[in-house]
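Hi,

Here is the structure I promised to pass on.

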Amino acid sequence: MEGNHSHGHELGFWRKYVFSQDHKVIGIQYGFTSLLFLLFGFTLMMIMRWQLAYPGQPIPIIGSWLGEDRAPQGIMLPEFYNQLGAMHGTIMVFLGIVPLAVGAFGNYVMPLQIGAPDMAFPKLNMMSYWVYFMGGVTMLTSFVMPGGAANSGWTSYPPLSDIATIGQTVWLIGMVFLITSSLLGSVNFIVTIIQLRAKGLTFMRLPFFVWAQFVTSFLLLLAFPPLEAAGVLQLMDRLAGTSFFLPSGLVVTGQPLNVSGGGSPLLWQHLFWFLAHPEVYVLILPAMGIVAEVIANNTRKPLWGYKSMVYAAIFLGFMSFIVWAHHMFMTGMGTIISTFFQTTTMIISIPSIIILTALFISLWGGSIRFTTPMLFALAFLPMFGIGGLTGLPLGLSATDIPLHDTYYVIGHFHYVVAPGTIFALFAGIYYWFPKLTGRKMNETLGRIHFFGSFVCMNAIFMPMFIVGLAGVSRRLWDGGAQYAHAQPVLHWNEFMSHGAWALGVFQIFFIVNLFWSIRKGKKVEENYWHATTLEWATPTPPPHGNFITPPEVFRPPYEYSVPGAKKDYTPQNQPMEA
Amino acid sequence: MEIPYTSKARPDTGLINAKLGIWLFLASEVMLFGALFSSYILLRVGAVEWPHHVLDVPLATVNTAVLITSSITMVMSWASLMMKEFKKYKIYMGATILLGFVFLTIKYFEYSHHFAIGEIPSKSTFFAIYFTMTGLHMLHVIGGMIVNSYFWGPGSKMWKTEPERFTNRIEVAGLYWHFVDLVWIFLFPVLYLL
Amino acid sequence: MELTHPEDIKKHVKVYITVFVSLLALTVITVTISYFNLSVVPAIVAALIIASIKGSLVASYFMHLISEKKMIYAALGLTVVFFLVLIFIPLLAMSDRIH
């Protein structure tokens with residue numbers, strides 16, 4: 001009998017709500033923490049966008065709060081711009097999206113969808129959350145270090161990161177916490193999915209959401225450790241004076257560095273991207289999982305090509321480990337190795353296309369309900385399409401030459417993550433809100449949130465392709481203002497910044513809707529969306545242990561509009577007629 | 001609903017949860033040490049010269065034998081529980097922990113000697129990777145010893161109430177300890193002999 | 001874990017002792033070979049082959065991998081593939097360079 005299942009006696013406040021071992025509580029903890037970090041990371045960008053729109057102008061209102069060492073007279077220093085840039089990326093990816101997509105949605109929904117009473121290792125689950133929390137606090141602390149937060153990009157390339165200010169050391173320590181949290185979580189997810197599926201729930205009857213989390217967990221399990229190793233090596237360089245990443249003969253501000261040399265900056269890049277490429281599939285797979293659930297439910301049809309989607313997801317996971325150096329085409333690789341990575345990168349687009357196509361075809365002939373979650377899920381499809389297609393020239397070495405490290409890249413990956421993944425996560429929140437609370441979120445506020453966000457996302461990121469094709473580099477504190485080749489496209493900066501601030505305004509509709517609906521949202525029936533998957537078969541909210549009696553599964557996951565059935569949906573745990 | 005398959009294997013996979021869990025964790029450790037081995041290769045291939053005969057081979061050979069011996073005492077401690085011989089378990093597990101201490105002591109002498117003559121991590125990429133790899137391995141040895149000590153001491157109370165579950169825990173702890181031995185089996189020739 | 005009979009465990013113990021002795025012997029062999037001062041490639045090959053044998057013995061018998069379940073083999077197989085990628089591809093990238 002596992003420790004926390006203390007039937008028959010009440011847990012105290014701390015054990016019930018703070019140090020809970022219940023996957024649902026932990027999922028909600030991850031959810032609120034990650035949403036706060038997403039808001040914070042977005043705020044950093046909204047501040048950056050002032051400097052990009054109006055370089056050298058004092059930042060209104062908050063300019064004076066930032067202090068003389070960040071923004072003297074309210075004018076952002078380049079050093080502070082670099083901190084904002086590095087931390088925006090780090091926070092959004094590692095403290096925001098992944099904890100929300102995997103930690104929150106995965107933890108809350110997956111055990112319910114497989115008919116399990118909890119995760120396989122509840123204590124480990126609790127530890128995963130608190131180690132994530134400590135990693136987040138560590139990252140935030142870096143802002144108050146002398147010299148400020150990490151400022152060498154989220155990619156932390158040496159030699160710069162090796163000699164950067166103290167904030168970089170704090171970043172590395174924060175990453176060690178986050179990677180540890182991730183490893184504990186991924187072991188838990190994989191064991192839970194393999195071992196705790198309900199009777200009758202074979203692998204090919206799993207909701208696609210669960211398959212997505214399963215593949216994602218393998219990516220986290222096997223790809224993160226090399227970055228942990230690299231982090232240790234960089235800490236050694238910074239604290240023990242080693243030269244893992246410092247080549248011989250380095251001169252810094254006129255002085256030769258007093259180190260042994262003999263190291264390789266490219267070693268960091270290989271180890272970093274070995275993780276960071278699979279990481280982008282960690283960002284997209286859970287989102288695809290959510291979109292699949294919402295589409296099946298709101299078309300009242302089974303998903304088209306479920307098996308293809310599953311095999312595509314598995315193939316995608318595998319391939320993601322062997323494409324990483326397409327981030328390194330400009331590092332002088334020879335034709336053999338470059339060809340290898342270009343080939344694998346082109347091949348990896350195939351499973352993504354299969355999944356996207358299957359989701360599109362799933363709409364055909366559907367009885368589409370344009371609920372708020374469905375709006376976000378539908379928008380995901382073309383937005384992810386744009387993100388994916390714009391990646392193709394980046395994946396070929398020759399076309400990457402003029403595009404590498406320009407705004408084109410920023411546009412590409414933001415399309416996949418922002419109106420891609422984040423839209424899917426919004427869809428998930430609106431969709432599963434009734435499961436957690438027994439209430440629905442307000443549809444009108446939801447539509448305003450959706451349409452406003454959709455327009456603004458495109459206003460921010462579409463011009464980036466134009467600006468990038470003109471040759472404007474990323475990570476420039478003044479948005480390219482000093483460069484002749486940037487002059488014709490500079491006006492887009494102001495436009496994009498207004499888009500970003502407007503996007504911020506539209507998120508207010510979501511925040512208000514979320515908190516208001518928790519208390520005052522319209523109460524709705526059990527299984528409000530008339531869905532087929534197991535999470536809707538528990539009481540609302542699900543009690544500790546989830547299912548009163550262990551469920552048994554008899555059907556595939558999306559038995560909607562089955563010919564001859566009484567209702568247009570047949571839950572997975574409904575027995576076959578005799 | 002209780003969490004199933006904590007002691008009884010799930011029929012279709014034939015596994016208990018903890019067994020699958022520890023192997024997955026070990027898989028991630030393979031990637032961790034793999035990254036360090038990869039770093040070693042890249043640094044050595046890119047180096048103009050690479051030191052030879054600066055490490056104490058005889059001492060490290062003794063340490064290799066120490067870890068191998070601790071591996072068999074570890075598996076024997078599990079086997080003793082399978083044969084319901086708790087006293088033998090205590091002896092073998094105690095021996096495993098003691099051998100761990102011997103390993104650490106020898107490493108302490110090794111490191112002190114190097115530090116005393118200025119051979120510190122910053123001296124060269126060779127010493128950087130040597131100290132980092134053996135240091136990380138050493139942290140894993142310490143971690144294993146802490147777990148084993150818990151199971152030798154307060155944790156062993158579980159033998160009286162849930163012997164099967166306790167035996168499984170020792171098997172799982174053993175898998176981790178053997179892995180630590182396995183890493184050394186590759187570390188030793190790579191760092192000391194080549 | 002199904003509890004096997006004490007007699008079966010005794011057979012396993014014999015195997016453990018055999019493995020233990022082999023491991024010690026292989027250690028002596030690998031150290032001895034290192035004193036022959038072979039050139040780089042044979043030295044690496046010899047050391048890695050012996051280490052692999054030792055490692056396989058520990059994994060197969062001490063860690064019971066030889067009689068493990070498919071799920072474990074699958075997870076480990078995947079890991080081995082990615083481990084090899086991590087070892088060889090960066091090496092290839094460093095060797096195949098534009099000059």
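This is a predicted model: local features need pLDDT of at least 70, side-chain atom pairs count only at pLDDT 80 or more; totals for chains, interfaces and linings use all residues.

Residues are numbered from 1 along each chain as its sequence is written, and chains are lettered from A and ligands numbered from 1 in the order in which they are written.

Chain A has 15 helices and four strands (DSSP runs numbered from the N terminus: H or I of at least four residues for helices, E of at least two for strands). Its radius of gyration is 24 Å, close to the 25 Å that the globule rule gives for 578 residues, so chain A is as compact as a globular protein of that length (the radius is taken over C-alpha atoms, and the rule is 2.2 Å times the number of residues to the power 0.38). Along the principal axes, the C-alpha atoms of chain A fill a box of roughly 85 × 55 × 50 Å. Of the 578 residues in chain A, 55% count as buried (20 or more other C-beta atoms within 10 Å of the residue's own, with C-beta atoms placed from the backbone).

In chain B, have a look at helix α3, residues 86–116. With 31 residues, α3(B) reaches 45 Å from its first C-alpha to its last, close to the 45 Å expected at 1.5 Å a residue (that is, 1.5 Å times one less than the number of residues). Its buried residues include B:Tyr89, B:Tyr92, B:Met93 and B:Phe103. What covers the buried residues of α3(B) includes α2 (57–82), α4 (125–152) and α6 (163–193) of chain B. After α3(B) comes B:Gly118, whose phi is positive, near 80 degrees.

Now the contacts between chains: 33 residues of chain B are in contact with 40 residues of chain A (C-beta atoms, placed from the backbone, within 7 Å). On the chain B side, the largest share, 14 residues, comes from α1(B). That side divides into 19 nonpolar, 11 polar and three charged residues (Ala, Val, Leu, Ile, Met, Phe, Trp, Tyr, Cys and Pro count as nonpolar, Asp, Glu, Lys and Arg as charged, and the others, Gly among them, as polar).

Chain B also touches chain C, and that contact takes 38 residues from chain C and 43 residues from chain B. The chain C side has 29 nonpolar, seven polar and two charged residues.

Cheers

Conventions
A residue is buried if 20 or more other C-beta atoms lie within 10 Å of its own, exposed if 12 or fewer, and partly exposed in between; C-beta atoms are placed from the backbone. Two residues are in contact if their C-beta atoms, placed from the backbone, lie within 7 Å.
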